[in-house]
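This report goes through a two-chain structure, starting from the place where the chains touch and moving on to each chain in turn.

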Amino acid sequence: MSSAIRAAATKGVLLRLREQLAFIEKGKEILEMKREQLAGEINHLLAEVKIRGELEKGIMDSYEHLKKAHSMLGYQNLQSMALTVSQINVSGLTYSVMGVVVPELRIEKEIDISNVPSGIAYEAAEKLSKLLRKIIRLGESEAKIEKLVDEFMSTNRKVNALDQIVIPSISSSIRYIEGRLYEEMLEEFIRTKHIREVIRRRRA
Amino acid sequence: MKLFPLRSPGLIYIVTRAHGLRTHLLKPEDISVLSKAPDLSTIVEALLKGDYAQDVSAIPSEKINAISLTEIFYKKLADRFYFIAKITSGSLRKFFEDYAKRLEVENIKRILRVKHGKETITEEALVPIPREYTAVNFPAMVGAKDLDESVGILKETIYAPLIDGMELYKRYNTTLIFEGLLDSLYFKELWYDVQKLPEKDDIRNMIGKEMDLKNLILALGLKAKNQPAELIEASLIKSYYKLKKRMISNVIQERPEMTFDVLMETYYSRYFQGLRDFLGKDMIGDVEHSIFNSLFHEHSKIMSEKPLRLVFVPAYLSLCEFEARNLTTITTGKQLGLSEERLRSILFL
């Protein structure tokens, strides 16, 4: 309201304020669309991270298998078998979702457990290697969500600021100027009418 | 009454010694009690009363853990194996020395796996074998810069054919080639020794079964991993007892759902009965454990049914090996917090 009071109540200012309001409302619409897109993307990713519970259960189960293999084979033997497993190769890339840079993990080379000689060690390795892909995907989704949620919150703050502060303030300035201009117009109209009456009386 | 031919004093002596040595083995009840122990220190306390006392008491208390204890169990196993070889002579000595070579084979496998993984290994990770009983230069193998050099060190030993396996190793990039070759060479040598033994039939039966069953487990394991037929064939043990090469080929080539039926047609069908589900789900670890458990019971039975025969001695050695495996399982399982029920399911009892 203070800016409304400070603003000069002229038609030029009114026009400029109306243009500004139209521009800001368009911007708000775009930001709302971005917010919706981000929310959609986050919702989609949230469905992906729902597997976390299942994954944790799977990890516990795999550890039980690993404990079993470890107990049956002994540390030194199991360790030597573990070294026959070829390592997984993962590269990290980035791409943009609504202007937000999010990470993407790409598995370049899958883990190869076919060299594990013992059946019991192979079972444990198989369970863990299957989970590894899911763990990588989960990590990627969680990192994406973190980035997108940051952007979502920032967009939300911007929309709220526009909605609750900037737009009401400009609207109020417009209303104030419109009121002032209307009053000035009325004043002018009465003054003109009064002058016309004085002139008419003088002529009579 | 069946009369046996006159037996040599050496044979009688070794069987008698094996009877005495058998009393040092932990009984199934002892293993059961150990599996119920609340923690590692209770197990250590129990071990201080038996054959392991000297070695266990030599470890500082802060260094007692599953790894140090496993080293002791396998050191004791090597001592037991080589003690039998030491007190025999002639063909018996050759047989028992070659029987003990399974420890040497295990060590070579461990070194080659580590070299394949381009990591380093120390001699502490190996089963200690007295220098006079091995032709393999383990310190040199351990210190070799890569797998090629490690395999090259075996040139002057009975494991020299591993050098020929390098080509297949490089093609498939797997140490399974070497592991198969090592088992093959081990059983070939042992099989040859068995033919020269007195009372060879029982021992042939015992070693032959172990060899065939290991071959079947190997074939099933490689098949479950979808390995190419050429690799499976190259990794198999090349000696056979009751198994025919054709049968192994059938196991490898048949559709997975038919594997059980193929196994039922072999001499070893009874070992696989009740394992249909495990085979169907490719749970080779459980199949392996079940079969070795059957062998454990069979070897225990040999000891009670044939106490005066020479087969008593290799059966005793086999039980020594099962004891080392059981103790490793118990100590490691306890350290990892495995439940008693789960622990008992993976023991040989």
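How many residues of chain B are in contact with chain A, and how many residues of chain A are in contact with chain B?

## The contact between the chains

In this predicted model, 31 residues of chain B are in contact with 20 residues of chain A. On the side of chain B that touches chain A, the elements that contribute two or more residues are α5, α6 (90–116), α10 (176–195), α11 (200–224), α17 (284–305) and α18 of chain B. Sorted by class, the residues on this side of chain B comprise twelve nonpolar, 13 polar and six charged.

## Chain B as a whole

Chain B has 19 helices and zero strands. Its radius of gyration is 21 Å, close to the 20 Å that the globule rule gives for 349 residues, and chain B is therefore as compact as a globular protein of that length.

Of the 349 residues of chain B, 45% count as buried. When the contacts of chain B with a separation of 6 or more are considered, 62% of them are accounted for by residues 24 or more positions apart.

## Two domains in chain B

Chain B is divided into domain 1, which takes in 28–161 + 310–340, and domain 2, which takes in 199–309. Taken over C-alpha atoms, the centres of domain 1 of chain B and domain 2 of chain B are separated by 24 Å.

Between these domains, nine residues of domain 1 of chain B are in contact with twelve residues of domain 2 of chain B. The side of domain 1 of chain B that touches domain 2 of chain B has eight nonpolar residues, one polar residue and no charged residues.

## A helix pair in chain B

Two packed helices are described by the angle between their axes and the distance between the axes. For helix α5 (residues 66–86) of chain B and helix α18 (residues 312–336) of chain B, the axes come within 9 Å and cross at roughly 175°. Angles over 145 degrees count as roughly antiparallel, and α5(B) and α18(B) are therefore roughly antiparallel to each other.

The residues that make this contact include L69(B), F73(B), L77(B) and F81(B) of α5(B), together with L317(B), A324(B) and L327(B) of α18(B). Also among them are R80(B) of α5(B) and E321(B) of α18(B). Over the contact of α5(B) with α18(B), the residues divide into twelve nonpolar, five polar and two charged.

## Chain A

Chain A has five helices and two strands, and from the N terminus on its elements follow the order α-α-α-α-β-β-α. The radius of gyration of chain A is 35 Å, whereas a compact globule of 204 residues would have one near 17 Å. Along the principal axes, the C-alpha atoms of chain A fill a box of roughly 125 × 25 × 20 Å.

Of the 204 residues of chain A, 22% count as buried. Among the contacts in chain A between residues at least 6 apart in sequence, 80% join residues at least 24 apart.

## One position in chain A

Is D61(A), with its 12 C-beta neighbours inside 10 Å, buried or exposed? D61(A) lies in helix α3 (residues 52–73) of chain A, and D61(A) counts as exposed because it has 12 C-beta neighbours inside 10 Å, the cut-off for exposed being 12 or fewer. The C-alpha atoms of D61(A) and L128(A), which are 67 residues apart along the chain, are separated by 9.3 Å.

Terms used:
Residues are numbered from 1 along each chain as its sequence is written. Chains are lettered from A and ligands numbered from 1 in the order in which they are written. This is a predicted model: local features need pLDDT of at least 70, side-chain atom pairs count only at pLDDT 80 or more; totals for chains, interfaces and linings use all residues. Domain bounds come from an automatic or database domain assignment. Two residues are in contact if their C-beta atoms, placed from the backbone, lie within 7 Å. Ala, Val, Leu, Ile, Met, Phe, Trp, Tyr, Cys and Pro count as nonpolar, Asp, Glu, Lys and Arg as charged, and the others, Gly among them, as polar. Helices (H or I, at least four residues) and strands (E, at least two) are DSSP runs, numbered from the N terminus. The radius of gyration is taken over C-alpha atoms; the globule rule is 2.2 Å times the number of residues to the power 0.38. A residue is buried if 20 or more other C-beta atoms lie within 10 Å of its own, exposed if 12 or fewer, and partly exposed in between; C-beta atoms are placed from the backbone. Axes are lines fitted to C-alpha atoms, for helices over the stretch in contact, and angles run from 0 to 180 degrees between N-to-C directions. Angles under 35 degrees count as roughly parallel, over 145 as roughly antiparallel, 65 to 115 as roughly perpendicular and the rest as oblique.
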